[in-house]
Amino acid sequence: MVASGEKIRVQNLTVSFGGAASLKNVCLDIQSCEILSIIGPANSGKTTFLKTINRLIDSENGVKVSGSVLLDGKDIYKEYDPVFLRRKVGIIFAMPLPLPMTIFENVVYGLRRQGIKDKSTLMQSAEKALKAAYLWDEAKDRLHELAMKLSGGQQQRLCIARTLALEPDVVLFDEPCSGLDPISTAKVEEAMLKLKEKYTIVLVTNNTKQAARVGQRTAFFLMGDLIEVDSTSKMFTAPSDKRTEDYISGKFG
Amino acid sequence: MRNPFSPKVSQKAAFLLLFFATLLVIVPVGMVIVVILKNGAKAVTWEFLSQMPSAGMRAGGILPAIVGTFYLVVGAVLFALPLGLCAAIYLSEYSKENLMNRIVRLAIINLAGVPSVVFGLFGLGLFVGFFKFGASILAGSLTLGVMILPVIITSSREALGSVPKSFREVSLSLGATKLQTICYAVLPHALPGVLTGTILGVGRAAGETAPILFTVAAFYLPRLPRDIFDQAMALPYHLYVLSTQVPNVDPKVRYGTALVLLSIVLIMNLIAIMIRSYFRARKKW
Amino acid sequence: MYDSKRLKELIVEVMIKISGVASIFIVAMIFLFLLKEGIFLFKTYKPLDFLFGKSWYPISEPAEFGILPLILGSILVTLGAAVISVPLGIAAAIYIAEIAPPRLKEILKSGVELLAAIPSVVLGFIGMVTVVPWIKSTFHVSTGLTALAGSVILAFMAMPTIVSIAEDALHSVPKIYKEGAYALGATHWQTIYRVVLPAASSGIMAAVMLGIGRVVGETMAVMMVTGNSPSMPRGILYPVRTLTATVAAEMGETVQGSDHYFSLFAIGIVLFLITFAINMTADLFLHRKR
């Protein structure tokens with residue numbers, strides 16, 4: 001894990017689907033081991049942005065990507081194999097999406113696909129990941145039960161655990177708490193803050209208060225454009241752009 | 001023309017008519033089963049099922065026909081299942097919405113509509129003639145396999161399509177390749193549908209006569225087939241010849257053959273229906 | 001990053017892609033093989049004589065290969081089957097889709113599936129032992145092996161196709177249409193024939209066409225109940241011969257490479273083209289949504 005320095009650099013990124021652009025000329029850099037919050041109203045391209053970073057966008061119909069995204073200085077399209085990239089850049093989706101298998105199998109899914117079969121290795125990784133996601137205590141006696149039986153908040157933490165099991169460098173969160181109650185939300189936020197020590201985190205959220213709580217820097221997207229990005233404290237007290245101010249104060253969105 | 005009856009009365013009359021029409025469609029199924037059962041049950045003894053025929057096919061058992069049908073059906077599935085499943089995977093997971101996709105779908109619809117006797121001609125021309133397999137289990141199985149291919153492709157494709165899209169996204173995001181995603185995140189959950197389609201294909205292959213008329217079927221073959229290049233008897237063909245070309249057959253024997261064939265086919269379909277509803281109820285997502 | 005594992009995956013993916021387009025290849029091959037053999041007939045026999053000739057005497061000297069009686073036989077039997085199966089099938093589809101309570105609906109749908117599953121040779125056999133004698137005694141004809149018998153049996157083979165596709169079409173009419181009608185005070189039945197049926201009409205057309213396509217292609221059942229008289233059909237109470245039955249019945253007796261042999265493949269070409277046309281048209285109807 002690199003302690004400091006630039007982790008991701010986005011340059012002139014334009015992403016369009018069949019002619020309509022979801023992201024226009026976005027330029028942004030993300031530092032190692034920071035939490036970057038991304039806020040903005042619906043359809044601003046925030047999810048598209050996340051999915052581009054780990055190239056999950058590739059499987060969408062009719063997608064065109066131009067510009068570049070550099071991870072550790074290397075272009076994710078030209079110098080990375082997408083499978084390898086996705087192990088380095090994990091993603092947590094808005095709805096908890098456990099696969100219909102046991103808790104254990106969910107956590108080790110990615111590891112198994114890499115060819116790791118040894119039971120003790122898998123168990124060790126699973127325990128480490130579940131602890132980092134603050135789920136170990138609740139799950140350790142239920143590892144071989146179906147993941148679907150967990151509550152919503154637990155399922156979301158399971159999704160975090162299975163991403164962490166791959167030991168990525170970057171973890172992307174796409175509105176991870178949108179379906180969760182306040183207590184589960186608090187647990188997920190707590191996990192995020194602890195993760196910051198080792199991982200680079202990008203958090204997309206519709207909840208401006210959450211962005212303020214968790215992120216060190218915040219970026220504001222509007223209709224596919226990156227309007228501004230700055231330290232969170234400055235964004236929320238004295239934003240440079242009028243549109244940012246309007247959004248944060250609730251005038252729209 | 002003004003309707004002299006009130007809407008409510010019209011509705012009652014209409015619904016009654018429709019109900020009777022539906023009965024007319026469904027009841028014959030029951031009648032067919034009952035007639036065959038009644039007349040054929042006495043003939044279906046263990047000897048009937050396990051012995052070779054005698055007296056020029058008029059008596060004895062129908063073992064070679066049962067065995068022949070079994071080989072043909074197994075062969076057909078061995079050909080059609082891998083090919084059909086891969087085709088369904090291609091259509092569901094790899095192909096995009098373009099002209100090629102449309103043409104493939106049209107080809108499948110057409111394949112499904114080709115008359116069974118035309119499959120027979122095709123099998124005769126390609127497998128018996130061109131590949132020089134001769135009238136054989138191999139030729140017959142391949143012909144039947146081509147015939148049930150659309151059934152397997154269509155049901156497999158439906159099964160794959162019913163797996164939620166999110167499973168694929170999650171799997172990819174965890175660093176799995178596309179093929180791994182298909183094998184570990186999609187296919188296991190599509191298996192019941194694939195199984196149902198295969199069983200339906202089996203039922204279809206077991207009952208078809210025209211495709212095997214020129215490609216494998218023999219009538220008087222009082223021994224079991226030696227290998228896949230050998231001819232074989234088959235239940236549907238046996239029933240056909242027994243009914244139309246052999247005089248002085250005890251009707252019991254005819255009904256018995258029909259009963260065995262019908263039972264095999266209906267049981268296959270019932271199993272498929274039951275598997276389908278069982279898994280539909282048990283869906284874990 | 002391309003190791004042996006990735007190479008294996010690539011090979012599997014290529015195989016999948018080939019399988020995907022295999023069906024196009026197979027359909028083309030079927031047509032080509034029919035053409036390959038059938039076309040030889042036309043070296044010595046004029047196509048027009050083939051299609052419109054009134055005499056099918058393949059074993060006489062000189063042989064005559066006019067398939068008009070066979071075409072008319074097929075048409076007669078098919079028309080008869082359509083007259084029976086189309087109204088009944090659509091009626092049953094309406095009942096199952098709109099009126100039947102859920103449990104009954106499941107049973108009826110399974111019943112239709114089972115009807116579809118009955119092998120044609122079994123239906124032909126049943127036809128021989130029930131319908132044919134019944135026609136003979138009811139209509140006082142010399143034999144019950146008639147076009148009518150064929151129509152009756154084939155109707156039951158077409159009905160499951162018609163019922164299930166029409167039922168799908170009715171089922172997929174958006175609820176909003178029906179709710180709008182109810183809101184205006186229509187009864188259920190009025191809603192069905194004023195709103196639902198018209199909305200599902202293209203799907204129902206497709207169902208009828210596919211049912212008819214199934215009937216045209218039927219072989220064994222017709223062979224067993226329509227008698228085998230390849231002369232110009234005289235009426236529904238007379239024996240006829242269809243295109244399909246001709247191929248099935250006579251192929252066993254031909255010499256490979258003879259004109260008779262080629263003529264049967266030529267009939268195969270005609271059958272292929274007819275069902276191809278029906279299927280393409282039906283597909284157009286199915287995709288012509290509002």
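1. How many helices and strands does chain C have? Chain C has 13 helices and two strands; helices (H or I, at least four residues) and strands (E, at least two) are DSSP runs, numbered from the N terminus. This is a predicted model, in which local features need pLDDT of at least 70 and side-chain atom pairs count only at pLDDT 80 or more, while totals for chains, interfaces and linings use all residues. Residues are numbered from 1 along each chain as its sequence is written, and chains are lettered from A and ligands numbered from 1 in the order in which they are written.

2. The C-alpha trace of chain C spans about 80 × 75 × 35 Å along its principal axes. Of its 290 residues, 51% count as buried (20 or more other C-beta atoms within 10 Å of the residue's own; exposed means 12 or fewer, partly exposed in between; C-beta atoms are placed from the backbone).

3. In chain C, H10(C) and H13(C) pack with their axes 8 Å apart, at an angle of about 165° (axes are lines fitted to C-alpha atoms, for helices over the stretch in contact, and angles run from 0 to 180 degrees between N-to-C directions). The two helices are therefore roughly antiparallel (angles over 145 degrees). Residues of H10(C) that meet H13(C) include C:Met205, C:Met209 and C:Val216; those on the H13(C) side include C:Ile278 and C:Phe285. By class, this contact has 11 nonpolar, six polar and no charged residues (Ala, Val, Leu, Ile, Met, Phe, Trp, Tyr, Cys and Pro are nonpolar, Asp, Glu, Lys and Arg charged, and the others, Gly among them, polar).

4. Between chains, 67 residues of chain B are in contact with 68 residues of chain C (C-beta atoms, placed from the backbone, within 7 Å). Helix H1 (residues 7-40) of chain B gives the most to the side of chain B that touches chain C, with 17 residues. That side divides into 50 nonpolar, 15 polar and two charged residues.

5. Buried residues of H4(B) include B:Val104, B:Ile108 and B:Leu111. What covers the buried residues of H4(B) includes H3 and H6 of chain B, together with H1, H10 and H13 of chain C.

6. Some backbone details deserve a look. A cis peptide bond joins C:Glu61 and C:Pro62, with omega about 0°; C:Pro62 is in the loop between strands S1 and S2 of chain C. B:Asn248, not a glycine, has a positive phi near 60° and is exposed, with 7 other C-beta atoms within 10 Å.

Note on methods:
Contact = placed C-beta atoms within 7 Å. Parallel < 35°, antiparallel > 145°, perpendicular 65-115°, else oblique.
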